[in-house]
Amino acid sequence: RQSDWGLVTEAGRVGGEAVGQRAGIAIGEIIIDGVEAHLGTGFRTGRSAIEAMCRKVIALHKLHDPDNGVLLNVGEFNGGTRRNLYAGRCVARMDIRCVDMAAWERTKASIEAIAAANDLPGTTTTLKLQQHRPPMPWTPETRRMAELVRETGAAIGANIDTIATMGGSDANIIASQGVPTLCGLGPVGGAIMTRDEYIELPTLVERAALVAALAHKLGTGG
């Protein structure tokens, strides 16, 4: 909170851009308890937690609305113990990204309503929801920093724009404390979080020079 500026060296975007705005990120877990029973003898009493969860996942994915700043994906899904038993429990985990707090509040309310819906009588649902990265907004200070990035990049022979993304980083946390923050100042790379993730080695030196110059200019008012 006592800092004047925040510079975060998360990887630069594929095109070399820095990042001046980020979405907020939340994680959610839905646990559904059904009634475990043998298919052959308990087909009248069994209640499948998997069936109930499938209904909720379909409803949740309808909240995915990139054009209005909401991304939602159920990326983990696990339930049941045997093929001939109604699943007694099913667990699904999701990642939610919202461009601002208004979008987050709307999405949060919709997720809670989906979790509360009695899709399959005899099952019970527990929802755990947490926003762990608040949105990082674009501000007048961000614009100033973006202009310095462009100027500094040009001085070292690089054309570096500053963009908004729906990804999140520790920059979100810094910005939430009222500190003007710029992210994506690390080496250029792509395919993040996959087996093919990479960085472009020549940009290591370029970005080190960029961060050093930015720190100097911001620290001296230059």
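**The patch and beyond**

Tutor: Ile199, Leu201, Leu204 and Val205 make a nonpolar surface patch of about 390 Å². A patch takes residues with over 30% relative accessible area and no salt bridge; nonpolar side chains (Val, Leu, Ile, Met, Phe, Trp, Tyr) are joined within 5 Å, like charges within 9 Å. Accessible areas come from the Shrake-Rupley method with a 1.4 Å probe, and for residues only the protein chains shown count as cover.

This is a predicted model: local features need pLDDT of at least 70, side-chain atom pairs count only at pLDDT 80 or more, and totals for chains, interfaces and linings use all residues. Residues are numbered from 1 along each chain as its sequence is written, and side-chain values use heavy atoms, with hydrogens and water left out.

Start with Ile199. Ile199 sits in strand S10, residues 198-199. Strands (E, at least two residues) and helices (H or I, at least four) are DSSP runs, numbered from the N terminus. Ile199 has 41% relative accessibility, so it counts as partly exposed. The classes are buried under 20% relative accessible area, exposed over 50%, and partly exposed in between (1.4 Å probe, protein chains only).

Now the loop between strand S9 (189-190) and S10. Ala191 lies there. Ala191 is not a glycine, yet its phi is positive, about 55°. Its relative accessible area is 35%, so Ala191 is partly exposed. Met193 also lies in the loop between S9 and S10. Phi of Met193 is near 70°, again positive in a residue other than glycine. Met193 is at 81% relative accessibility and therefore counts as exposed.

Next, helix packing. Two packed helices are described by the angle between their axes and the distance between the axes. Helix H5 covers residues 203-220 and packs with H3 at an angle of about 125°, the axes 10 Å apart. Axes are lines fitted to C-alpha atoms, for helices over the stretch in contact, and angles run from 0 to 180 degrees between N-to-C directions. H3 and H5 are therefore oblique to each other. The cut-offs are under 35 degrees for roughly parallel, over 145 for roughly antiparallel, 65 to 115 for roughly perpendicular, and oblique for the rest. The crossing of H3 past H5 is right-handed. Right-handed means the near helix is turned clockwise from the far one by less than a right angle; anticlockwise is left-handed.

Then the charges. A salt bridge puts a side-chain nitrogen of Lys or Arg within 4 Å of a carboxyl oxygen of Asp or Glu. By this rule there are 11 salt bridges. One of them joins Asp161 and Arg150, 2.3 Å from N to O. Arg150 is in helix H3 (140-155) and Asp161 in the loop between H3 and strand S7 (162-164), so the pair ties together parts 11 residues apart in sequence. Asp161 is partly exposed at 31% relative accessibility. Arg150 is partly exposed at 45%.

Glu51 and Arg55 form another salt bridge, at 2.5 Å, N to O. Both lie in helix H1 (residues 49-61), 4 residues apart, about one turn of the helix. Glu51 is partly exposed at 35%, and Arg55 is partly exposed at 39%.

Arg207 forms a salt bridge with Glu206, with 3.6 Å between the closest N and O atoms. Arg207 counts as buried at 2% relative accessibility, whereas Glu206 is partly exposed at 25%. Elsewhere, salt bridges that share partners join Glu29, Glu76, Arg93 and Lys128 into one network.
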